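Here are some notes for a colleague who is new to this structure. Please read them with the model open.

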Amino acid sequence: MQVPDFILRQPATLQEAITAAQEASRPPDGSHAPSAPEQGYDWLGGGTDLLCNYKWRINQRPVVIALRGVAELQSDVAGSLAAGRTLWQLENDAEIQRRYPALASTAALVASPLIRRSATLGGNLHLDTRCWHFNQTAEWRAAHRSCLKAEADQCRVLPDPGDVCVAAYCGDLAPVLIAYGAVARLHGPDGERRVPLAEYFAGDGIRRFAERRRAELMVAVEMPADAEDWRVNYRKLRLRQTFDFPEGGVAVGLQWESGNPGVIAAARIATTAYASVPLLHPEVVELLQGQLLDQDLADRAGALLESLVQPMKNTSMSPSYRRKMARVLCRRALLDCSPHSSS
Amino acid sequence: MSTSRRILRLRVNGQPREVLARDADTLLDVLREQLGLTGSKRGCDLGTCGCCTVQIDGEPQLACLTLAAEVGEREVTTVEALRDGEEFAPLQQAWAAAGASQCGFCTPGFLMTTDWLLREKPDCNREQMREALAGNLCRCTGYVKILDAVERCTRSQGACPSEK
């Protein structure tokens, strides 16, 4: 399959990247009227998601801005991870393995080793949402006319969703970074701003970010100073042990009461693949806080999470199975955080 | 929209090569369609099967998801460079001896990943082989003979490519 034509921009600096995005989002008449943030261009990280969609003629843009050469995106500064780092680097970096072990082990669960050599941290966080009726060839979609997120005006997953898309967000790293309390560092024409990852994702399968601004990109993910104090674990449901996107994923972050390991002082629970954005679950957090982590508590937390998630019929596994597995994933992730667990 | 093209100066299998390519052309497009290096296969073309695996600066990469214009001055090595003149490399000979190819379509990708693996971990065990080769799919062999072939090339078996 040939990738459809586009103009490739290869900025060397952050400012050049932002300028390229501003130029690409200007209307053809040359006026400066603001356009939709992603109307005229796409950022290109590793390309392992974007180029697949382009080959299937899904939502391609006239301009692609490659970020591989942008120096500011390639190297970490103190306490933050550069958005251009590959997942292969994350999983094999001894410092990350020591300080954020769940991040390293989760990176190793993404796709395949070959994909991870190209795929980037920033790219994984911005992974496009997925759906049986969206991730199909142009010919398939033309025959079915069935996807709001592509060319059609109707959705096959829900009979009458209005203009809401229910495609699933399937990034593995987002829930784990949320469990660590990570913060996104964004850079755009108006300068830099920081948004907690827990607040970064919002909306539906098409409009997926809370306040995405024109020509803005993620530069790095900042890890909070206390991130190493959190015990984080991630469990992933998938068909095969390699390549597959999650059919469900649960990340758990726990902090113990001072001098009382095993009693939960604070908790974070985030899921992926169950909705169009990573979800936080304050109800489960409320159940866990102040409690001694044992089998019974883990069972109850899993049961509560199962009652909260509402997967759609748009991936390989059935929604009922994925929902039931939320209970299992949550229970296992919690018990693996236990002070007595070896993991 | 109009097609954007550029002249690319690549280094492929130790040789400088100059091609005129679209901005949107992948490295696999250029290798196969312009340079005639058809050893790298176009399988799924979506990064799943690993048939297109080449090495860029010695590291295995998917040519189908790498834009040719993004390769720059890095060294590209394809399966054609594995053999030494008329002789097949020890790795290729091991593949034949172990019966690790049936239809053979996946073989170039497996060879390029394995060549890297044996340089990195000449004493790799079967678990490490499975992990390293998890991005290469074979629909014929069931993988056992492929692992047998890799094992023949580990240092303990005396045919490690890095020591040839």
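1. Start with one strand pair. In chain B, β1 (residues 5–12) and β5 (residues 75–77) run parallel and are joined by 2 bridges. Val12(B) has Val76(B) of β5(B) as its bridge partner. Strands are DSSP runs of E, at least two residues long, and helices are runs of H or I, at least four, both numbered from the N terminus. Two strands pair if DSSP finds at least two bridges between them.

2. A caution on the source. This is a predicted model: local features need pLDDT of at least 70, side-chain atom pairs count only at pLDDT 80 or more, and totals for chains, interfaces and linings use all residues. Residues are numbered from 1 along each chain as its sequence is written, while chains are lettered from A and ligands numbered from 1 in the order in which they are written.

3. Now the whole sheet. Chain B has an open sheet of 5 strands with mixed pairing, in the order β2-β1-β5-β3-β4. β2 (15–22) and β4 of chain B are at the edges with a single partner strand each, so one side of each has no neighbour in the sheet.

4. Next, the domains. The assignment for chain B, automatic or from a database, gives domain 1 (5–81) and domain 2 (90–163). Their C-alpha centres lie 22 Å apart. The contact (C-beta atoms, placed from the backbone, within 7 Å) takes 16 residues from domain 1 of chain B and 11 residues from domain 2 of chain B.

5. Which strand gives the most to the side of domain 1 of chain B that touches domain 2 of chain B? β3(B) does, with 3 residues.

Definitions and conventions
Contact = placed C-beta atoms within 7 Å.
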